Amino acid sequence: MVEVALTIPPDVVFIAFATVTLLAAILALQAKELIYGAIALGASFAGIAGMFILLDAPYLAMLQIAIYVGAVVVLILFTIMLVRREEGEEVTEQRERGEGAAGLWIAGLLAVAIAGVAALAGPNLPSTPPGNALPVSQLGPALVTQYPVPLLILAFLLSAALLGAMMLAKVER
Amino acid sequence: MVNIPTSPADLLPFIISIVTSHTFITIIIFPGMIHLTLVSAFLTWYERKLLARIQLRIGPLYAGGPGGILQPIADGVKLIFKEVILPYKADRTLFTWIPLVLIYLGTLPFAVIPFGQHWVIANLDVGLVFIFATTSVFPSMIIIFAWASNSKYPFIGGLRSLFQQVAYEIPMWISALSVVILAGSLNLVDIVNKQAKIWFIVPAFLSFIVFFICIMAELERLPFDLPEAEPELVAGWFTEASGAIFMAIFLALYLKLYMMSALVTDLFLGGWWGPPFLPQPVWTVLKALVVATAIIIPRGIYPRIRVDMLIRIGWTRLLVIALANVFITVVLVNSGLLARWGL
């Protein structure tokens, strides 16, 4: 049996995923109809999942899709469905003066910060060469043996969130 | 790896090498497109015939072939040529595109579901999580389609579908966890290989029951078909769908039925393992069809349950049983009771 494989340079894939993520994020903010915003947000999350696949973390990518595209977008859709706007009501947008300038400032600051971090710490960052990532079956042992304290903290945080949600739901009744 | 041809003489060998490659055969012919189309068309006929027999009717008869088996083709031709009616003020883009996305999402899991030792398109290490990810996108697409219909029945049906699928997804995947613990892998090929000596339905029987109930709810099958309750909601979230759009949704739903049946087969019923007089893929398909039969039959027998019962069963009973199963499985595996089956 002969294998036919098409090889696409990873840079092209990265640029494609990055474009999808960024354009969808912009669309999510700019969409007039909230539903389109939610769909664009889902597409943006899916783009980030693609980044995880490029970084040899397929498990994380799948969970990103399941939790963000599958669950968070559903929550947002629920909210949108609950607050549908009235028939004939126009969408009004309040624009503050200097909005664009503020956005540019923040984007510039972020770019400078990221560039600075990359220049200072880039060579020292731990990197796993492609193909050397931890296999999925060793994720669990690594979590329990190498990182037990963050795992416990996360578990406590999630239980607290769960209990809090239950308390809030109970008060409502 | 094949080089792209430079002269016309190399073209034919190049095409032959592509057509006979594992990738092409698995994607286009066997676990892929042709097989899926045929089986999902067969399932529509099979469901109608089976339900008719349960209710002492005859079912499809006139479309030709034994027992009217060509009925799906007649249905398909009819639906393609019917007018697509766009509801008043419906969202045109979403209304036409979401059914195609649903087909895509229904087909995608077959990329990792193995039908035989080598009959799998992509042997992913995270196969089970991949299916989890793709099926979890379904409910949001359904609610978006229901919203795009701009009509009350689809909207209520879509909300019910969302409630139901979100509530039953969690116990479903937690009960699949006990299989993962037994096999020690998320790779579906590994999971089936571990069942060579004993099918996982034996050590994880409770998980199987919970998983089966949950997929009945995920597939919106009776007794859980609240999202498309005919007497109250006409046809639920796809009330407004007509013509080719209805066909796309119908195809997606039957693909999902077949996908869930094949998943149950691979997780609990030993996948392709069976007496060796039949080849492996035949065993998988046969077992999946048996599971599909078990999913379809209650539609001819049981009444529909109430919304509050549905939600209560999902969140309080099934979730607790599924979690208890995980502990039972851990105890079973660590006690060494299953050691003689190599688990």
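**Exercise 1. State the handedness with which helix 3 of chain A passes helix 6 of chain B, then describe the pair.**

Step 1. Helix 3 of chain A passes helix 6 of chain B in a left-handed crossing. A crossing is left-handed if the near helix is turned anticlockwise from the far one by less than a right angle, and right-handed if clockwise. Helices (H or I, at least four residues) and strands (E, at least two) are DSSP runs, numbered from the N terminus.

Step 2. Take the residues of this contact. Helix 3 of chain A supplies Y59(A), M62(A), L63(A), I65(A), A66(A), G70(A) and A71(A). Helix 6 of chain B supplies V129(B), F130(B), F132(B), A133(B) and S136(B). Two residues are in contact if their C-beta atoms, placed from the backbone, lie within 7 Å.

Step 3. Sort them by type. Ala, Val, Leu, Ile, Met, Phe, Trp, Tyr, Cys and Pro count as nonpolar, Asp, Glu, Lys and Arg as charged, and the others, Gly among them, as polar.

Step 4. Find the angle. The axes of helix 3 of chain A and helix 6 (residues 127–136) of chain B come within 8 Å and cross at roughly 20°. Axes are lines fitted to C-alpha atoms, for helices over the stretch in contact, and angles run from 0 to 180 degrees between N-to-C directions. The two helices are therefore roughly parallel to each other. Angles under 35 degrees count as roughly parallel, over 145 as roughly antiparallel, 65 to 115 as roughly perpendicular and the rest as oblique.

**Exercise 2. Decide how far to trust the model.**

Step 1. This is a predicted model: local features need pLDDT of at least 70, side-chain atom pairs count only at pLDDT 80 or more, and totals for chains, interfaces and linings use all residues. Residues are numbered from 1 along each chain as its sequence is written, while chains are lettered from A and ligands numbered from 1 in the order in which they are written.

Step 2. Read the scores. The model has ipTM 0.78 and pTM 0.84. Chain A averages a pLDDT of 80, and 79% of its residues score at least 70. Chain B averages 85, with 99% of its residues at 70 or above. pLDDT is the predictor's confidence in each residue, from 0 to 100.

**Exercise 3. Describe the contact between the chains.**

Step 1. Chain A brings 24 residues and chain B brings 27 residues.

Step 2. On the chain A side, helix 2 (34–54) and helix 3 (58–82) each give two or more residues. Helix 3 of chain A gives the most, with 13 residues.

Step 3. The chain A side divides into 20 nonpolar, 3 polar and 1 charged.

**Exercise 4. Show how helix 7 of chain B is enclosed.**

Step 1. Count the burial. In helix 7 (residues 138–148) of chain B, 11 of the 11 residues are buried, so this helix is largely enclosed by the rest of the structure. A residue is buried if 20 or more other C-beta atoms lie within 10 Å of its own, exposed if 12 or fewer, and partly exposed in between; C-beta atoms are placed from the backbone.

Step 2. Name the partners. The buried residues of helix 7 of chain B pack against helix 2 and helix 3 of chain A, as well as helix 5 (92–107), helix 6 and helix 8 (152–183) of chain B.
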